[in-house]
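Me: I'm new to reading protein structures. Could you show me one and take me through a few of its residues?

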Amino acid sequence: MIQPHVITLGTAGGPKVWTDCPGRTGISTAVVVGDRHYVVDAGYGTGQQMAAAGLDPARWGGLFITHLHSDHVADLPALMLFSPYHLACLLYTSPSPRDL
């Protein structure tokens, strides 16, 4: 059995696109537990990074969005519309201040 582990998919924060750091992509982390992986945030390039990390689309357990800043959700539309990573479950882990 695979031990639970974390894969950093992207670490580039802020609203800009990081053109001065080749290969650096937006904020996203995969947590692998057993045969499933869960992704936290979907910054720019998340889908490509998931594929590069060898994460099987059929094993995607869910997506957690920490908050709705652009650097955390930039790839969300692409993941929803064009990727093999079908969103079976979309979870928001923190409410909007308006919802409190």
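Reply: Let's begin with a definition: buried means under 20% relative accessible area, exposed over 50%, and partly exposed in between (1.4 Å probe, protein chains only). This is a predicted model, where local features need pLDDT of at least 70, side-chain atom pairs count only at pLDDT 80 or more, and totals for chains, interfaces and linings use all residues. Residues are numbered from 1 along each chain as its sequence is written, and side-chain values use heavy atoms, with hydrogens and water left out.

Me: Is leucine 81 buried or exposed?

Reply: Leucine 81 belongs to helix α3, residues 76–81 (helices are DSSP runs of H or I, at least four residues, and strands are runs of E, at least two, numbered from the N terminus). Its relative accessible area is 62%. Because that value is over 50%, leucine 81 counts as exposed.

Me: And is serine 28 buried or exposed?

Reply: Serine 28 lies in strand β2, which covers residues 28–33. Its relative accessible area is 1%. That is under 20%, so serine 28 is buried.

Me: Which backbone oxygen does the side chain of serine 28 reach?

Reply: Setting aside neighbours within four places in sequence, serine 28 has contacts (heavy atoms within 4.5 Å) that include Thr8, Gly10 and Asp41. At 2.9 Å, its side chain reaches the backbone oxygen of aspartate 41.

Me: How far apart are the C-alpha atoms of valine 32 and tryptophan 60?

Reply: Valine 32 is in strand β2 and is buried, with a relative accessible area of 9%. Along the chain, valine 32 and tryptophan 60 are 28 residues apart. Their C-alpha atoms are separated by 9.4 Å.

How values were computed
Polar contact = N/O pair within 3.5 Å; in protein donor to acceptor, adjacent residues only side chain to side chain.
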